[in-house]
Amino acid sequence: MKKIVLLYPLLYVLTLCINLQELKANQSDSLLFVVRIDDILSRNMSILPRSILPLQDTLASRGAKATCGLMPHRLIETANADGQLAKEIILSHNKGHEISQHGLIHICQICGRSNHEMYCSYNKRALSYEQQEQLISKGVQIMEDSLGIKPTSFIPPGHVYDATTKTVLADLGFPVISTAGTMGRSGDSLFDVPINSEYTWALTRQNYSANLTNAIQEIKQVQHITGIYVLMMHDPFIRLGYENGITLEWMGALLDSLNTYYGSRIHYKTLTEAAKIFDSELSTNNTKETSNAGTQPTGISLLPNYPNPFNPTTKIGFYLP
Ligand SMILES: [Zn+2]
Ligand SMILES: [Zn+2]
């Protein structure tokens, strides 16, 4: 047992060395890195949700920040009546992590399914402006009442939303949305900071090294194109990998290797901080490079994954410019 435990760190240190050599060969610019953690706290599995603090500490000890996608309704459910969730969220917020609003309850009021909320993708039926406004503003109110926090970013449950969702968010004063779409301004006032990939959802000792290698490789590639990478962690607190420590170990190893390679060129930000940085950068670039408009690739378009939530696989379509 002990031998196996010792062998794995050795193996991935070796893998990391190879990856880092490769990374150093052609990397030049900086990386803005966001960790988006969705579904705090789901209760649909056999494992009870665990504290968010160990993950937050793993990130913070490497200089990284968490953006937690919270379903506000969790705060007023009896399962969280002990106030522990609210306490952890407030602590998190006070340490500079972001608490993002993830719908209200993550359940569709038309079909009752739990993988969408703002638009019924099952019946292809839109919720009215009034219905969506009610859901989102109730979530804001719960967060303000229970946490004293007014969210500045919104993550649509299941990445399912429509134009009405964006209008409602803009009307409620949200500056940022995070989807599976394209980075940039959508409409006049919302800035979209979309996710990249998820590597920790079904993490095991068997796929640990491969996932780490793939993640580093993808981060490197995306960094060259966009300068920003948004790592998604889907529902980690009710996963076996969180329970047995693999997820924390993996996140630590990923961040250590990124820090070793990028050094001062990696900047850890929350969703809202990243939006602010890229929004001003984009507007500067627009005036500077008007002549190049239309000829330069502006980013990767990710399409919403399906199904979401997924078990055990999901498909994410994408366009490359
Ligand atoms: Zn539905
Ligand atoms: Zn979700």
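Predicted model: local features only at pLDDT ≥ 70, side-chain atom pairs only at ≥ 80, totals over all residues.

**Entry 1: overview.** I counted nine helices and 13 strands in the protein chain. Of its 321 residues, 40% are buried. I then took the contacts between residues at least 6 apart in sequence and found that 71% of them join residues at least 24 apart.

**Entry 2: helix 3.** Which residues of helix 3 are buried? In this helix, residues 84-94, I get L85, I89 and S92. They span an arc of only 60° around the axis, so they sit on the same side of helix 3. That made me recall the rule: an α-helix has 3.6 residues a turn, so residues three or four places apart point the same way. On the other side of helix 3 I found Q84, K87 and N94 exposed. What do the buried residues of helix 3 pack against? I noted helix 2 (53-60), strand 2 (66-70), strand 3 (98-101) and helix 4 (129-147). Just past the end of helix 3, G96 has a positive phi of about 100°.

**Entry 3: L59.** Skipping residues up to four places away in sequence, L59 touches V35, A64, K65, A66 and M251. I also checked L59 against L255: they are 196 residues apart along the chain, yet their C-alpha atoms are separated by 7.8 Å.

**Entry 4: helix 8.** L255 took me to helix 8, where it is one of the buried residues, along with others including W250, M251 and L254. Helix 8 covers residues 246-262, which is 17 residues, and it reaches 24 Å from first C-alpha to last, close to the 24 Å expected. After helix 8 comes G263, with a positive phi near 55°.

**Entry 5: cores.** Which members of the largest nonpolar core touch the most other members? Of its 67 residues, I list F33, V35, V176, V193, V230, L254 and A274. I followed up L254: with neighbours within four places in sequence left aside, it is in contact with L212 and A215. There is also a second, separate core of five residues, and M118, Y119, L127 and V160 are among them.

**Entry 6: strand 10.** V230 from that list sits in strand 10, opposite V34. Strand 10 pairs with strand 1 (residues 31-40) in the parallel sense, over seven bridges. Is strand 10 enclosed or open? Seven of the seven residues, 228-234, are buried, so I put it down as largely enclosed by the rest of the structure. Both faces are covered: I228, V230, M232 and H234 are buried on one side, and Y229, L231 and M233 on the other.

**Entry 7: G227.** Last stop was G227, in the loop between helix 6 (208-226) and strand 10. With 16 C-beta neighbours inside 10 Å, G227 counts as partly exposed. Leaving out residues up to four places away in sequence, G227 touches D29, S30, L31 and L32. G227 and I266 are 39 residues apart in sequence, and I get 9.9 Å between their C-alpha atoms.

Methods
Residues numbered from 1 in each chain as written. Chains lettered and ligands numbered in written order. Buried ≥ 20, exposed ≤ 12 C-beta atoms within 10 Å, placed from the backbone. Helix = DSSP H or I, 4+ residues; strand = E, 2+ residues; numbered from the N terminus. Pairing = 2+ DSSP bridges. Arc of directions from axis to C-beta. Contact = placed C-beta atoms within 7 Å. Core = buried A, V, L, I, M, F, W, Y, C linked by C-beta atoms within 7 Å. Expected span 1.5 Å × (residues − 1).
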